[in-house]
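Here are my notes for you to go through with the model open beside them.

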Amino acid sequence: QVQLVESGGGLVQAGGSLRLSCAASGRTFSNYAMGWFRQAPGKEREFVAAINWNGGNTYYADSVKGRFTISRGNAKNTVYLQMNSLKPEDTAVYSCNAPVVDLKSAGDYWGKGTLVTVSS
């Protein structure tokens with residue numbers, strides 16, 4: 001059974017930082033892109049960031065470019081999202097996804113998500 005498990009969410013003040021982690025099990029995604037999506041209250045889920053199989057190529061939503069950094073662990077089945085300069089509009093449930101298609105479209109597997117709340 002494939003599982004993606006996120007961790008690292010929480011409450012942070014505007015301007016602060018958080019680091020999200022996602023660990024995959026049940027199959028390897030080492031040859032596939034992985035990524036992050038988010039869904040704010042009352043809004044549709046949106047793409048945040050993605051990274052290709054070897055970490056050599058990344059893609060970000062315009063709203064987070066320059067503030068968020070996506071990376072992969074050495075085992076390639078783990079993906080991280082370093083979030084800096086957080087804003088209240090970043091408040092959302094952040095979900096890990098794999099395999100991401102074309103570095104921006106969601107694939108078949110989702111984690112349950114981790115809540116990030118940014119207070120003003």
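1. Start with the strands. The chain has zero helices and eleven strands, where helices (H or I, at least four residues) and strands (E, at least two) are DSSP runs numbered from the N terminus. Along the sequence you get the pattern β-β-β-β-β-β-β-β-β-β-β. The radius of gyration is 13 Å, close to the 14 Å that the globule rule gives for 120 residues, so the chain is as compact as a globular protein of that length. That radius is taken over C-alpha atoms, and the globule rule is 2.2 Å times the number of residues to the power 0.38.

2. A word on what you are looking at. This is a predicted model: local features need pLDDT of at least 70, side-chain atom pairs count only at pLDDT 80 or more, and totals for chains, interfaces and linings use all residues. Residues are numbered from 1 along each chain as its sequence is written, and side-chain values use heavy atoms, with hydrogens and water left out.

3. Now the overall box and surface. Along the principal axes, the C-alpha atoms fill a box of roughly 40 × 30 × 25 Å. The chain exposes about 6200 Å², and carbon and sulfur atoms supply 46% of it; such areas come from the Shrake-Rupley method with a 1.4 Å probe, and for residues only the protein chains shown count as cover.

4. How much of the chain is buried? Buried residues make up 44% of the 120 residues. Here buried means under 20% relative accessible area, exposed means over 50%, and partly exposed is in between (1.4 Å probe, protein chains only).

5. Contacts come next, meaning heavy atoms within 4.5 Å. Take the contacts between residues at least 6 apart in sequence: 55% of these join residues at least 24 apart.

6. Charges: there are 12 positive and 8 negative side chains, and the centres of the two sets lie 6 Å apart. Lys and Arg count as positive and Asp and Glu as negative, while His and the chain ends are not counted. Each charge is placed at NZ of Lys, CZ of Arg, CG of Asp or CD of Glu.

7. Rings of Phe, Tyr and Trp (its six-membered ring) pair if their centres lie within 6.5 Å; planes under 30 degrees apart count as stacked, over 60 as edge-to-face and the rest as tilted. The count comes to four aromatic pairs. One of them is Phe37 with Phe47, edge-to-face at 5.6 Å centre to centre with 75 degrees between the planes. Phe37 is in strand β4 (residues 34-39) and Phe47 in strand β5 (residues 46-51), ten residues apart. Phe37 is buried at 6% relative accessible area, and Phe47 counts as buried at 15%.

8. Phe37 also pairs edge-to-face with Trp110, at 5.2 Å centre to centre and 70 degrees between the planes. Trp110 sits in strand β10 (residues 109-110) and Phe37 in β4, so this pair ties together parts 73 residues apart in sequence. Trp110 counts as partly exposed, at 29% relative accessibility. Ring pairs link Phe37, Phe47, Tyr59 and Trp110 into a cluster.

9. Have a look at Arg45, in the loop between β4 and β5. Leaving aside neighbours within four places in sequence, Arg45 is in contact with Phe37, Arg38, Gln39 and Trp110. Its relative accessibility is 43%, so Arg45 counts as partly exposed. Arg45 and Val93 are 48 residues apart in sequence and 9.0 Å apart in space, C-alpha to C-alpha.

10. The backbone has some points to check. A cis peptide bond joins Ala98 and Pro99, with omega about -10 degrees. Pro99 lies in the loop between β9 (92-98) and β10. Leu103 lies in the loop between β9 and β10; its phi is positive, about 60 degrees, although it is not a glycine. Is Leu103 buried or exposed? Leu103 is buried, at 15% relative accessible area.

11. Ser85 has a positive phi too, near 50 degrees, and is a residue other than glycine. Find Ser85 in the loop between β8 (78-83) and β9. Ser85 is partly exposed, with 40% relative accessible area.

12. Finish at Thr117, in strand β11 (residues 114-119). Which residues does Thr117 contact, leaving aside its neighbours within four places in sequence? They are Gly10, Leu11, Val12 and Thr91.
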